[in-house]
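Here is a short briefing on a predicted model. Read it with the sequence and the structure side by side.

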Amino acid sequence: MKIIRDRTIVDDDFVHVTDGSEQAAATKPIVPLAEYVKSRETLLARHAAVGVRVPSDKLPSDIPDLQRLALIAIEFPKFTDGRGYSVARMLRQRHAYRGELRAVGWVLRDQLLYLERCGFNAFEMKPGKPLDSGLEAFSEFSVRYQADVDDPRPLYRRR
Amino acid sequence: MYQYDDYDRRIITERAQQFRGQVSRRLSGEITEEEFKPIRLQNGLYMQLHAYMLRVAIPYGLLSSTQVRKLAHIARTYDRGYAHLTTRQNIQYNWPKLTDVPSILDELASVEMHAVQTSGNCVRNITADHFAGIARDELEDPRPYCEILRQWSTFHPEFANLPRKFKIAITGAPGEDRAAVRFHDIGLRIVENAAGERGFEVLVGGGLGRTPVIAEVVREFLPKRHFLSFIESILRVYNLHGRRDNKFKARIKILVTALGIAEFRRRVEEDWEASRTPELELTDAEVARVSAFFAPPPYESLPATDRVEGIVLGRDRELGNWVRNNVFSHKVPGYSAVVVSVKKQGIPPGDVSDTQMDAIASLADRYSFGHVVVTHTQNLVLPDVKTAELSKLHAELRALDLGEANANKLTDLITCPGLDYCDLANARSIPLSLEIAERFDRIDYLNDVGDVSIKISGCINACGHHHVGNIGILGIDKRGEEFYQLMLGGSPGNDASIGKILGRALAQDEIVDAVEKVLGRYLEIRESTDERFLDTVRRVGFDPFKVAVYGTADPLEAAGDAA
Ligand code: HEM
Ligand code: SF4
């Protein structure tokens, strides 16, 4: 599957897995948060890199040992569900999480810039949506008023 | 007033380009109608019963004469020759063609205006006291902080998909709240602490709609430099924990009520401790930069005259009434603030025509340093008029049909669009407001009754703010017929209160009579002419008014029915 990572279209090297046998086979699995919470020692020992898929009603404090994760995927069940933006910003700024932060679910082109500004660097677009059109979204604005994850200085400290 | 620099201009220009692209991707089918809706809303485009409506932002209500002329031009060129002032100091066009909208946005951008974040589940236009910067009772001008908040909220990446819309209002006048801060999601009051330091009292969780709530204090004193980081924390707690399962329970007031203010405060303070960064602190340089745009205009030094009293008592009764009702005191000697009432018999409250707007722009240039302010009561203010020129100004206003002497009086009504325009309505509200205006349009009666507000909504969504009317009227549906509930005792100000239903709902042919009976009883029982309608209601309670309207105070007979 193709995804956008760091503003480039790439083949996904991770796979979403749900049941145990699939998990064991994958080199880089993305497992549901509940699964990870249950058997994280096994997972972290067995795989080169572990990703976790986090439902939209969870907070960073619900993800144990998050520094050991190579990838955190935040779910967007609906494109209007804005919780993931705050969760991403908290992960980057408060928890200093440096791994891949991926938006999954109902992810649309017109959200990519805001998502990126909140700390996401990877995007699984909603099936059927063109990825190349998505790439244009990142450069639609050349100025931003607020502090964000890229630059903690609001415009009034740069003006 | 604030002037865009290159940064501000680029942001608005790039937004217009972005929206053009979004419209064409909608037309090509890449974006579905459902996905397009929040995009359209956050660019000010609302779908009404008959057509699209475009809501243009007027930050804290302040306009230059150039902007007013542009708004007139848009009304003439792209709409039906009028526009509508809203209760949040914005302006709406009710009949734009979708294909004209990009051109309208370009026209607006040419005078540093836009329509962004005037609808949708985001931080909306920041509103303020309409006498900001000129009120005698003001501690400090709130507009620099409004502008700083406007910039902070414009395209804030974290808070563009909130559970529901989010409204912020600021006042710098401790004595009188003209911005209804207690009925906003966040209300800010500039206050001074015991050490003489200025900061904000932060209120949270107020609102009208289906569940009216008076905001509670979440922070008694917030040093100014922390105000952006603190507001971010309030929004973050709301964004993460506000309800998203039911649109009618999604406002922050529901979250604050459910958690209780103590727990809500604890969560905000906890987030704030963890999230505030030194960079987010406001700098003195930024406050100074923005404040410079709101420096007082070049006032002349004039003697403090008592001419106002002279005019009120003078021979020209029409002028005297207008000065008494529509002219307000100004902090600079020799100047006055003038409310230009657009509430004229036969005109839906808030509507202004293109020719009126052009004329007001010209009056602003000649009498008031080129500035106009929109009030949340859907009128206009000329903020800096020389007291000595009031009678000349009044003569010009009268010639334009804008000389109504009814500010804060019975016929200065607030009304939502109601059944004529709105598909959620239970009842008509504009025709009712016109009928009320016609019934009571006698200046001696208005003066006798004094300050009283009537606010009308066509359904429980409360766009007409009926909960905070001294007299509130709510349209309900009773077996398919339009009925109205009569409420008394609401107030949006420092003495905030939510009106209560007087008794059973009234039919269309009963409601105006009922208002007249209520007012008649007030005139009989008030202690003196100084006791306002609201004070009388608070002093005597509802029984005398129930007797006046229903002939009995019997709770069964006058019982309110659940709507
Ligand atoms: C046909 C057009 C309109 C429709 C369908 C509409 C619909 C609504 C709805 C559904 C709400 C409730 C929102 C909530 O509680 O979360 C609301 C609130 C509100 N509306 Fe409208 N509205 C319309 C026009 C207007 C106009 C023209 C104005 C201003 C003059 C207005 C001012 C307001 C205000 C101030 C509120 C907020 C009340 C609060 O603080 O909770 N609306 N509207
Ligand atoms: S109060 Fe109801 S009827 Fe009036 S505009 Fe709002 S939604 Fe429509």
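Arg244(B) and Asp81(A) form a salt bridge between the two chains, with 3.7 Å separating the closest N and O atoms. Across the interface of chain A and chain B, the rule finds 9 salt bridges. Side chains of opposite charge can pair when their charged atoms come close.

**The interface of chain A and chain B**

- Polar contacts between chain A and chain B number 32 residue pairs, counting pairs with both residues at pLDDT 80 or more.
- On the side of chain A that touches chain B, the elements giving two or more residues are helix 3 (83-93) and helix 4 (112-117) of chain A.
- Helix 3 of chain A gives the most to this side, with 6 residues.
- The residues on the side of chain A that touches chain B comprise 18 nonpolar, 6 polar and 15 charged.
- In total, 39 residues of chain A are in contact with 48 residues of chain B.
- The size of an interface is often given as the accessible area lost when the parts come together.
- Chain A and chain B bury about 3900 Å² between them, and 54% of this area is on carbon and sulfur atoms.
- Of the area that chain A buries against chain B, 20% comes from Tyr145(A), Tyr156(A) and Arg159(A), which is more than any other three residues supply.

**Ligand 1**

- Ligand 1 is surrounded by 19 residues, and the closest are Lys165(B), Lys167(B), Arg251(B), Cys463(B) and His465(B).
- The shell around ligand 1 has 7 nonpolar, 8 polar and 4 charged residues.
- In the side chain of Arg251(B), an N or O atom is 3.0 Å from an oxygen atom of ligand 1.
- Leu208(B) has a backbone N or O atom 3.2 Å from an oxygen atom of ligand 1.
- For Gly209(B), a backbone N or O atom lies 3.4 Å from an oxygen atom of ligand 1.

**Ligand 2**

- Among the residues around ligand 2 are Cys416(B), Cys422(B), Cys459(B) and Cys463(B).
- Others around ligand 2 include Pro417(B), Gly418(B), Leu424(B), Ser457(B) and Asn461(B).
- The shell around ligand 2 holds 8 nonpolar residues, 4 polar residues and no charged ones.

**Salt bridges over all chains**

- Over all chains, the count by this rule comes to 82 salt bridges.
- One of them joins the side chains of Arg9(B) and Glu112(B), at 3.7 Å from N to O.
- This pair links distant parts of the chain, 103 residues apart.
- Arg9(B) is in helix 1 of chain B, while Glu112(B) is in the loop between helix 4 (101-109) and strand 6 (127-128) of chain B.

**Aromatic pairs**

- Over all chains, the structure holds 23 aromatic pairs.
- Tyr2(B) and Phe293(B) form an edge-to-face pair, with 4.7 Å centre to centre and 65° between the planes.
- This pair, too, links distant parts of the chain, 291 residues apart.
- Tyr2(B) is in the segment before helix 1 (6-27) of chain B, and Phe293(B) is in the loop between helix 9 (284-292) and helix 10 (307-313) of chain B.

Methods: Residues numbered from 1 in each chain as written. Chains lettered and ligands numbered in written order. Predicted model: local features only at pLDDT ≥ 70, side-chain atom pairs only at ≥ 80, totals over all residues. Heavy atoms only, no water. Contact = heavy atoms within 4.5 Å. Buried area = accessible area lost by both parts, 1.4 Å probe. Salt bridge = Lys/Arg side-chain N within 4 Å of Asp/Glu carboxyl O. Polar contact = N/O pair within 3.5 Å; in protein donor to acceptor, adjacent residues only side chain to side chain. Helix = DSSP H or I, 4+ residues; strand = E, 2+ residues; numbered from the N terminus. Nonpolar A, V, L, I, M, F, W, Y, C, P; charged D, E, K, R; others polar. Near = heavy atom within 4 Å. Phe/Tyr/Trp six-rings, centres within 6.5 Å; stacked < 30°, edge-to-face > 60°.
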